[in-house]
Amino acid sequence: MPDPFGIPASRASLARLSTRFDQFAGRMENRLIRAVPRATMEVPTQEPIVSFTFDDVPDSALDVGAAVLEANRARGTFYISGGLEGQVEPGRTLIDRAGCRELAARGHEIGCHSFGHHDVRQVDGPTLTDDLARNAAYLDAIDPRPAPRNFAYPYNSGSFGKRALLTRAFRSCRAGGEGINRGPTDPAFLRAVEIRQPQQHVLGLARWIDALVTDPGWLIFFTHDVSPRPTPHGCTAPSFHLLVGYAVARGCRVLTVDAALDHMGLRPTGSGGQRR
Ligand SMILES: [Zn+2]
C-alpha cells in the first residue's frame, strides 16, 4: 500500500506504525488522567509506607515472592486475572485457583486485574463491565469479600472515559508511572514503580526507598515472576529479598494496598465523593 509520499510500505511496517501510534495514544491518555484527576485523597507524608504488589500472577510470585515477604513479616497484594489461570507462557506459569486460595489463606491480599487482561482503553464499557463481573465472581469464589477490591490496570494502561466505572467498582486502581504517592493523590490512578530486568535496575531500586524515607509518602512496587531466570518483567529471589529487607531496615511500614489505605485512613476528598 503506498504511503502519502508514494513510497510503498510493507504490511509489517504499517503494523509497527499502528502499534507505535497506539502506544503514543496510550501515553497521552495516561497523562490526561494524571492532569485531570477524577477525585483526590491526601496521602500523609509523616511515615514511609511501602506496598509490594504482583500482577497476573506467576506461580513463582506465590512460591518465592510471598515467602520472601512473609520472612520479613510482611504481606503483598496479588492482582489476579481469572482468564490467565494456569496459563503456561515462556518463562512462567500463572497460578490457578488453589494458588490464589493459598495466598489468601496466608494473609495476602487478592486484587483484581480484570478477567481477560484486556487493555481497558481498548474495550467498550459493557464489555469491561461484564469482564469485571466475571473476575469478581472468580475471585469471590476463592476469597469472599463484601467490600470493593483493589484493582491494577493491565499494561498500566488507564482510560479517561472508564474512570467512573472503575471508581464505582474498586477501592483503588493502580497504574505505573514510576513515582511515589504523596499528598493529593488520585486513588483511581495510583503511581507505582516496576521491579524488572536487568538485574542492575532491580539493585538500583533501593534509591526509591531512600527517597521515600527522606520525603515520606506511599511507594508501591509491582513485579511479576520471582525466579532464577526472570522474564523481563520479573526479578530474582535474592534481589527481591534485598529490596524487601532494605525497606524494612530503613523503617518503612510494609503493607498490602488495602491495609495501607486502611492505615492511612484514606478517603477521597475530590469530586468523586466518598467511596468504600
Ligand atoms: Zn498484567
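Setting aside neighbours within four places in sequence, V57 is in contact with L62, F78, Y79, I80, L94 and I95. In this predicted model, V57 also belongs to the largest nonpolar core, a set of 64 residues, where V57, C173 and L219 touch the most other members. Helix α2 supplies the largest share of that core, with six residues.

Next comes the sheet. Strand β2 covers residues 49–56 and is mostly tucked away, with eight of its eight residues buried. Strand β11 (residues 218–223) runs parallel to β2 and is joined to it by six bridges; here T53 sits opposite F222. Strand β3 (residues 77–80) also runs parallel to β2, this time over four bridges, and T53 turns up again, now standing opposite T77. To get from β2 to β3, the chain passes through helix α2 (residues 59–71), and this β-α-β crossover is right-handed. A further partner of β2 is strand β12, made up of residues 253–254, which pairs with it in the parallel sense over two bridges.

Spanning residues 97–105, α3 has G99, C100 and L103 as its buried residues. Viewed down the helix axis, these buried residues fall within an arc of 100 degrees, so they line one face of α3. The face turned away from that buried side carries A98 and A105, which are exposed. As for what the buried residues of α3 pack against, the list takes in α2 and β3, along with β6 (109–112) and α4 (125–142). After α3 comes G107, whose phi is positive, near 90 degrees.

Finally, a word on confidence. The chain has a mean pLDDT of 90, and 93% of its residues reach 70 or more. Where pLDDT is low, the predicted coordinates should not be read in detail.

How values were computed:
Residues are numbered from 1 along each chain as its sequence is written. This is a predicted model: local features need pLDDT of at least 70, side-chain atom pairs count only at pLDDT 80 or more; totals for chains, interfaces and linings use all residues. A residue is buried if 20 or more other C-beta atoms lie within 10 Å of its own, exposed if 12 or fewer, and partly exposed in between; C-beta atoms are placed from the backbone. Two strands pair if DSSP finds at least two bridges between them. A crossover is right-handed if, with the strands pointing away from the viewer, the path from the first strand over the helix to the second runs clockwise. A nonpolar core is a set of buried Ala, Val, Leu, Ile, Met, Phe, Trp, Tyr and Cys residues joined through C-beta atoms within 7 Å. Two residues are in contact if their C-beta atoms, placed from the backbone, lie within 7 Å. pLDDT is the predictor's confidence in each residue, from 0 to 100. The arc is that of the directions from the helix axis to the C-beta atoms.
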